[in-house]
Protein chains: 2
Amino acid sequence: MRAYLAGPDIFLPDAVAWAERKKSVCARYGLIGVSPLDDMPEAPEWAGLPEWRCIALRNEALIRSCDLMIANLTPFRGPSADVGTVYEVGFMRALGRPVFGYATTAVGFTQRTLNSARAVEGPDGTLRDGEGLLIEQFGLFDNLMIEAGIVASGGALVVEEIAAEHRWTDLSVFEHCVRIATSG
Amino acid sequence: MRAYLAGPDIFLPDAVAWAERKKSVCARYGLIGVSPLDDMPEAPEWAGLPEWRCIALRNEALIRSCDLMIANLTPFRGPSADVGTVYEVGFMRALGRPVFGYATTAVGFTQRTLNSARAVEGPDGTLRDGEGLLIEQFGLFDNLMIEAGIVASGGALVVEEIAAEHRWTDLSVFEHCVRIATSG
C-alpha cells in the first residue's frame with residue numbers, strides 16, 4: 001500500500017531527510033511512504049513548463065499513484081491547515097480513496113480563529129470576524145469540508161497537543177495516525 | 001452549463017441573497033450558478049448524520065453536479081485562500097473539470113506571507129518564517145498547487161486590486177471571471 005505524505009513538511013529545513021524519517025515510520029507499519037519531493041518520471045507534456053507547474057503536476061501524479069493519503073493538518077500561518085495540503089486532501093477525496101489526517105495541536109478551529117481574529121457575537125449567538133464573516137462553530141478541528149471529507153473517505157483524524165517548539169518536528173502523532181491507517 | 005460558486009461568501013451576512021446576486025451575474029452570461037447553500041435532495045445514507053457532515057456531503061454532490069467551478073480565492077484570515085474553498089478546488093481538479101479562480105486583491109503570495117509572518121533570508125536567498133519553514137517565492141498568487149491546478153484544468157485565474165472595504169462585496173472581478181469562463 002502506497003501512502004502519499006501530504007503536508008507543509010516540504011517547507012522544513014532538510015525536507016528530504018525529514019521525508020525519509022516519515023517513510024521509515026511508514027515502513028515499520030508495512031506502508032510505502034510517498035513524499036511530494038519524490039522523483040517521478042516526467043510526462044512528455046510537462047516539457048518546457050515552468051518549475052511550479054511541474055511540481056504541481058508531479059504531486060498530482062504521485063497522489064494518483066497512491067492508495068491512501070496521510071496529511072499533516074497542523075495549522076500553518078493562520079487558524080487553518082496549509083492550503084497546498086488541503087488542495088491535496090480534496091483531490092484525494094474526489095478520487096474516492098481514504099484520507100487520514102493528523103495535527104500536533106488539539107486546540108479547536110473556533111478557538112484558533114478567535115485567537116487570530118477580532119470577533120463579535122451576534123444576537124443569534126453566532127460569531128463573526130471584524131469583516132462580518134461568520135466564524136464556524138461546529139466544534140471541529142478545521143473547516144468542515146476537511147474533517148467531513150476525511151470521515152466520509154473512510155479515514156480518520158488524529159490530533160494531539162504537542163509542545164509548540166516541537167510542533168513541526170514531532171513524529172509521535174504522525175506515527176499514531178499511521179498505526180490507525182494500517183490497523184483496518 | 002452549471003458552475004459551482006465556491007468561496008467564503010457563504011460566511012457573509014445575508015449569504016443566500018448574496019449567492020442570488022452572483023447567480024444573476026452568471027445568468028447574464030448563460031451560466032447556471034450553483035451555490036453551496038442550494039438545496040440538494042438528501043441521499044438516504046445521510047440520514048442521522050450531524051449537520052456538518054450533511055453540509056459537506058451536499059457540497060461534494062453539488063460540485064459533482066456541475067460542469068465547472070468559479071472559486072473566490074480572496075485571502076481569508078491569513079495569507080491564503082479559505083481552506084474550504086481550496087478543498088473544493090482540489091476536488092474539482094481531480095474530477096478533471098475546469099476551475100476558474102478570482103480574487104479582489106492583486107498582492108502576490110510571497111508579499112502577503114511576508115506581511116503576516118516574520119521572515120529571515122537564508123544564505124541561499126530563500127526566505128523562511130520564524131519557525132524555519134520555507135516561504136514560496138514563485139511569483140504566484142497563492143500556493144502553487146492552487147494556481148497550477150487551475151491552469152492545468154483549463155481554467156484561469158483573475159486577480160484585481162479592489163479597495164479593502166469592498167473586498168467581500170465587489171462583484172466586478174467575479175463578473176470578469178465569469179466572462180472569461182464563458183468566452184471559450
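Are R93(A) and E60(B) buried or exposed? Both R93(A) and E60(B) are buried, where buried means under 20% relative accessible area, exposed over 50% and partly exposed in between, with a 1.4 Å probe and protein chains only. The views below come from a predicted model, in which local features need pLDDT of at least 70, side-chain atom pairs count only at pLDDT 80 or more, and totals for chains, interfaces and linings use all residues. Residues are numbered from 1 along each chain as its sequence is written, chains are lettered from A and ligands numbered from 1 in the order in which they are written, and side-chain values use heavy atoms, with hydrogens and water left out.

View 1. A salt bridge is a side-chain nitrogen of Lys or Arg within 4 Å of a carboxyl oxygen of Asp or Glu. Helices (H or I, at least four residues) and strands (E, at least two) are DSSP runs, numbered from the N terminus. Over all chains, the whole structure has 16 salt bridges, and four are found across the interface of chain A and chain B.

**View 2. The interface of chain A and chain B.** Each side is counted by contact, meaning heavy atoms within 4.5 Å; chain A gives 52 residues and chain B gives 52 residues. The size of an interface is often given as the accessible area lost when the parts come together. Here the two chains bury about 4,500 Å² between them, 69% of it on carbon and sulfur atoms; buried area is the accessible area (1.4 Å probe) that two parts lose on being put together, summed over both. Between chain A and chain B, 14 residue pairs are in polar contact, both residues at pLDDT 80 or more. A polar contact is a pair of N or O atoms within 3.5 Å; within protein, one must be able to donate a hydrogen and the other to accept it, and residues adjacent in sequence count only if both atoms are side-chain atoms. On the side of chain A that touches chain B, the elements giving two or more residues are α2 (51-64), α3, β6 (127-129), β7 (134-135) and α5 (144-152) of chain A. The most come from α3(A), with eleven residues. By class, this side of chain A has 30 nonpolar, eight polar and 14 charged residues. Ala, Val, Leu, Ile, Met, Phe, Trp, Tyr, Cys and Pro count as nonpolar, Asp, Glu, Lys and Arg as charged, and the others, Gly among them, as polar.

View 3. The closest N and O atoms of K22(B) and D9(B) are 3.0 Å apart, in a salt bridge. K22(B) is buried at a relative accessible area of 2%, and D9(B) is buried at 8%. K23(B) and E20(B) form another salt bridge, at 3.4 Å from N to O. K23(B) is buried, with a relative accessible area of 17%, whereas E20(B) is partly exposed at 39%.

**View 4. Helix α5 (residues 144-152) of chain B.** Seven of the nine residues of this helix are buried: L144(B), M145(B), I146(B), E147(B), A148(B), G149(B) and I150(B). They pack against α2 and α3 of chain A, together with α3 (83-94), β4 (99-103) and β8 (157-159) of chain B. N143(B) caps the N-terminal end of α5(B), with a side-chain oxygen 2.9 Å from the backbone nitrogen of M145(B). After α5(B) comes G154(B), whose phi is positive, near 95 degrees.

**View 5. The open sheet β5-β6-β7 of chain A.** Its three strands pair in antiparallel fashion; two strands pair if DSSP finds at least two bridges between them. β5 (119-121) and β7 of chain A are at the edges with a single partner strand each, so one side of each has no neighbour in the sheet. Two bridges join β6(A) to β7(A), and L127(A) has I135(A) in β7(A) as its bridge partner.
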